[in-house]
Amino acid sequence: MTTNELLFLVFAFGLIAWFVGRARAASFISSETPIINSLPNYHGWFASLWAIIPAILFLIIWINISPALVTNMVLSNPDAASVTADPFTRSTILSEARAVANGSSQVLFQEGSEKLVPLYKAAQSYYNSIAFAATLLLIFAGSAYAYTRLKPDFRARSKVEKVVMFALLLASLIAVLTTVGIVASLVFEAYRFVTLVSPFEFLFGTNWNPRDNIVAGEDNGYGAIPLFWGTIFIGAIIAMIVAIPFGLMSAIFLTQYSTPRFRSIMKPVLEILAGVPTVVYGYFAALTVAPAVRDFAVMIGFSNAASDNAMAAGVVMGIMIIPLVASMADDSIAAVPGAMRDGSLAMGATKSETIKRVLLPAALPGVVGGILLAVSRAIGETMIVVMAAGYAANLTANPFASITTVTVQIVALLTGDQDFGSPHTLAAFALGLVLFVVTLLLNLVALRIVKKYREAYE
């Protein structure tokens, strides 16, 4: 049986064990013992977990060791003695024969692969039989053990909850370890980069034209200032000029001026923008906004305006993050105690004066936190900049010129077949580490501001 079939078998028997365990627990309830320690459902889950978990753990181990066992069995056959000793060719022949035996391929290119296919099929059949027998044995052993434990005073609930707590802990650890792995890989590769290229040139240089041949003491084209400036210019300046006013005004209107029915309709409509894929925004920026911005620039006297320009990317990026700013501002304004608004109105202030002088100052920490989160979202955007702003690393404040960002250059550096030992490729990891640190700091500051705000008004 294949691995998928074995998994199906395990869960099928787990379901059967659940019904059997539940029925056994229900049989304990009688006039003599009207109350049992745990509900029958918990007894069923206890039996099901003992039927499933040992078999799943075995299959996880088996999936990792069975390919080597199959290959060793094939190579131990006298018919495989003529396989070449060259490691690369040998690996290719074995891979082709294994793929055909598995049914994932029908074509053989290497000479000598064809005679190994029957050997692979026989070896796989042999070890699949072993896996099937071992899986059934573990299922029945686990089920039998669980069945013997089920008694009226058995604490099935605590046992099941311990397993659930362990699963939740494991899920949390996976998230934490994934983050640690990402950071460790970035730091390790960035360290390899700074051993080849001067960190001073990378962080403070103004010429971005990376080359593989590094000459000590010379400009090697790894000055990342144009990339940092492009990221700030598009994501933190132009995009925020668009997102902050529109997002804040949307939040003020929805919380203070609109009717409840209109708000219930318009807020979900506004948040639909957050669900649009970024590549769609990229198409919109490249095909609609960028040509319009170029024509506008020519009309006002910028004759050298580029088709791919920072203004188009920034405007569309700002539109994309309007829902984030609006949602955070909406929640912050709505959380301001009504007594503050009512007191201002009772003192004779108009609604607009109340908004400007009472509500916005009171909600300012939450609004600022939302803006910082929006900035961190914007500076990590890639597709819009790739499609609307281009790849040119220009250190310019002209919004109608081509410009690029850190994320775009990371894509460019890692596209295609790359030598991961060259500084040209390692530069992508150094850029990623810088972007990670900046985004992390922005998120920490934003969360700190929001936390203070919540402590003040909750």
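Reader: By class, what residues does the lining of the largest cavity have?

Author: In this predicted model, the lining of the largest cavity has 4 nonpolar residues, 1 polar residue and 3 charged residues.

Reader: Ok, and which residues line the largest cavity?

Author: The lining is made up of Leu 254, Lys 267, Leu 270, Glu 271, Pro 323, Ala 326, Ser 327 and Asp 330. Two elements each give two or more residues to this lining, namely helix H8, which covers 260-271, and helix H10, which covers 310-334.

Reader: Which helix gives the most to that lining?

Author: That is H10, which gives 4 residues to the lining of the largest cavity.

Reader: What volume does the largest cavity have, and how many cavities of 30 Å³ or more does the structure hold?

Author: The volume of the largest cavity is about 40 Å³, and the structure holds 1 cavity of 30 Å³ or more.

Reader: Switching to pockets, how much space lies in the largest pocket?

Author: The largest pocket holds about 400 Å³ of space. Its lining consists of 17 residues, and those that lie nearest the centre of the pocket are Thr 3, Ser 66, Asn 102, Gln 124 and Asn 128.

Reader: Which helices each supply at least two residues of that lining?

Author: There are helix H1 (3-28), helix H2 (40-75), helix H3 (87-102) and helix H4 (117-149), each of which supplies at least two residues. By class, the lining of the largest pocket divides into 10 nonpolar, 6 polar and 1 charged.

Reader: And the second largest pocket, what is its volume, and which residues line it?

Author: The second largest pocket has a volume of about 250 Å³, and its lining is formed by Trp 45, Leu 49, Ile 53, Val 160, Val 163, Val 164, Phe 166, Ala 167 and Leu 170. H2 and helix H5, which covers 156-194, are the elements that give two or more residues to this lining, and H5 provides the largest share, with 6 residues.

Reader: How do the residues of that lining divide by class?

Author: They divide into 9 nonpolar residues, with no polar and no charged ones.

Reader: Last topic: into which domains is the protein divided?

Author: The protein is divided into domain 1, covering 3-154, and domain 2, covering 208-457. Taken over C-alpha atoms, the centres of domain 1 and domain 2 are separated by 49 Å.

Notes
Residues numbered from 1 in each chain as written. Predicted model: local features only at pLDDT ≥ 70, side-chain atom pairs only at ≥ 80, totals over all residues. Heavy atoms only, no water. 1 Å grid on protein atoms, 1.4 Å probe; cavity = no way out; pocket = protein on both sides within 12 Å on 5 of 7 lines; lining within 4 Å. Points joined across faces, edges and corners; volume = space filled by probe spheres on them. Nonpolar A, V, L, I, M, F, W, Y, C, P; charged D, E, K, R; others polar. Domains from an automatic or database assignment.
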